[in-house]
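Hi there,

Here is the structure I promised to pass on to you.

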Amino acid sequence: MTNQEIAKIFQNIALYFEMDGVSFKPQAYEKAAINLETLSEDVKDIYKKGGREALEEIPGVGKNIADKIIEYIKTGKIKEYQALKKKTPVNIEELISVEGIGPKGVKYLYKKLKIKNLKDLERAAKAGKIRNLPNFGEKKEQNILEGIEFLKRSKGRFLLGEILPRVQEIIFRLKKLKEVKQISEAGSVRRRKETIGDVDVLVTSSNPKKVVDYFVSMPGVVKIWGRGPTKASIRLNDGFDPHTKDFGVGVDVDLRVLSDRQFGSALQYFTGSKEHNIVLRKIAIDNGLKLSEYGLFRGPKIIAGKTEKEIYKTLKMEYIEPELRENTGEIGASLKKKLPLVIGYGDIKGDLHVHSNWDGGKNSIEELANEATKMGYRYIGIADHTKFLRIENGLNEKQLVRRNKEIDSLNSKSYILNSKFRILKGCEANIMADGSIDIDDNVLAQMDYVIAGVHSQMKMSKVEMTERIIKSMENPNVDIIAHPTGRILKKRDEYEVDFDELLETAKKTGTILEINAFPVRLDLNDIHIKKAKQAGVKMVINTDAHRKEHLQLMEYGISQARRGWAEKKDIVNAWPLEKLIEAIKK
Ligand code: DGT
Ligand code: CA
Ligand code: CA
């Protein structure tokens, strides 16, 4: 779709303007980009039907931006963008993907050292040229090298958050074909892994050729790796993801078309994981059976294959949810019929980590609350940043008190919200290097709950970092620790911390650990979640939304919780309000 192409250019224009220190324009282009991305109709069609006027009705599109869209529709390019690229010919997307480098840094490095891309950057850092720049120094040079290493390690894998919306769109399109009967994603996407290598899709049909023909000619296909009568493999174009603000590289999609009687066994096989499958096949053999993608067989006779459920059942096992299929104990638990009843996608009753326009988020508290009620939530917790985080417009004590008044008044206007709905007063305060919190205790005490998180000085020793977080947990006003390990997928590792010690203190102090649902965070990860659950530490799944659309990211956090075997009893925001309040009072 043209929308994606233009959105991507706008996003780059925004970066260029940011690089040059231009005010307002970056936000305007970014806003337009996000609105274009989420538009269901192609701008080309909108323009054809309604002309310039119709374009200007798109949110975030004014006269100037409409001009650019028209220029692109007519000429296939945008002159201003070409000029910006010519003036500073750098691969800006690539360079800012290195942790610690922003648009301004890109410009500076280009001016000083003619660095245009990642390769140049790596060469300069390795040659020790960056340490001599006044704005950088030796430590930053080292960080850049680490950042590049990190990018290399995660290369070729995509964030689930970038991929899942595209998979859902493919499935939506394929479903419209009358030849398509059953359809499902498989592979790591179905298991909801944090990152995805390639996408696997399974379809049943009595006319595979039609399905394959359509699949390889869908909009967005830039390459056909191969095609046969019942399968095909393609690459999709790269797209801009409005949630993560990341540019995905083109992802590959494998399609297989099957008959209904094999759908279950094929789905089981292609969902994986490979490690899970290997053990499952052994269990089949132990039962005198043979399991493959074509079915579960006794001798030549197929005894199960239509559904996954019948396959697991025939193997005398409990059905295993896809998110659990990693051969990390789920098979043993299933054989003993002792699998956890993991939290469901509909179990969440509210979101406790939402930023409002008080700290520079996009939406007002009222807008966020209304969105939450639409989603069927019973409560929403506003957790604006606090004063230490200047770049995020963190609130000071006075502002927090004023903001709390706004929440009180909204809560009393039950005509806006349904009367059982509650807005909770929270904040996302900063855990300073010494473990103290950047807000006075008497104001913290006025909150319904306090989230605390590490947002600075992450390169401490393990001992220091552990002490730092433990000290914050011991503050009686702190209820929740945000994104407890600090990792950013594809950007930076966790900080060094003794997680077992954190769990011990969390248990002792009744502190709740966050499962941050934002697709680049997903922090806690599955292993930590399992440990927390075993330690009896409670968790909360939060989106960390900065705009109302982000509230939808909850599903990624739920996936992560499921991957960590968490049950409803482990997750405080799956509980009714009264019980939640009890938990945060502890
Ligand atoms: P990815 O694509 O790297 O994110 O991970 P997956 O799990 O989607 O892996 P993929 O796409 O290579 O294969 C999809 C599934 O097919 C995989 O989860 C299990 C199954 N599979 C693939 N190769 C093998 C194999 O050699 N043995 C077994 N048992 N299963 C396999
Ligand atoms: Ca895959
Ligand atoms: Ca594959």
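Predicted model: local features only at pLDDT ≥ 70, side-chain atom pairs only at ≥ 80, totals over all residues.

Which residue coordinates both the calcium ion (ligand 3) and the calcium ion (ligand 2)? That is D198, and the two ions are 3.7 Å apart. D198 has a relative accessibility of 26%, so it counts as partly exposed. D200 has a relative accessible area of 11%, and therefore counts as buried, the cut-off being under 20%.

The axes of helix 1 (residues 2–19) and helix 2 (residues 25–37) come within 8 Å and cross at roughly 165 degrees. Because angles over 145 degrees count this way, helix 1 is roughly antiparallel to helix 2. The residues in this contact include I6, F10, I13 and F17 from helix 1, and Y29, A33 and L36 from helix 2. Sorted by class, the contact has 11 nonpolar, 3 polar and 4 charged residues. As for handedness, helix 1 passes helix 2 in a left-handed crossing.

Now for some backbone details. Most residues other than glycine have a negative phi, and most peptide bonds are trans.

- G272 and S273 are joined by a cis peptide bond, with omega about -5 degrees. S273 sits in the loop between helix 13 (263–271) and helix 14 (274–286).
- Another cis peptide bond runs from D523 to L524, where omega is near 10 degrees. You will find L524 in the loop between strand 18 (512–516) and helix 22 (526–535).
- Q457 has a positive phi, near 40 degrees. Its loop lies between strand 16 (451–453) and helix 20 (462–474).
- D544 also has a positive phi, near 65 degrees, and belongs to the loop between strand 19 (539–542) and helix 23 (554–563).

Is Q457 buried or exposed? At 54% relative accessibility, Q457 counts as exposed, whereas D544, at 7%, counts as buried.

Enjoy exploring!

Best wishes

Note on methods:
Residues numbered from 1 in each chain as written. Chains lettered and ligands numbered in written order. Heavy atoms only, no water. Axes fitted to C-alpha atoms, helices over the stretch in contact; angles between N-to-C directions. Helix = DSSP H or I, 4+ residues; strand = E, 2+ residues; numbered from the N terminus. Parallel < 35°, antiparallel > 145°, perpendicular 65-115°, else oblique. Left-handed = near helix turned anticlockwise from the far one by under 90°. Contact = heavy atoms within 4.5 Å. Nonpolar A, V, L, I, M, F, W, Y, C, P; charged D, E, K, R; others polar. Donors = N, O, S within 2.8 Å, 3.2 Å for Na, K, Ca; no water. Buried < 20%, exposed > 50% of the residue type's maximum accessible area, 1.4 Å probe, protein only.
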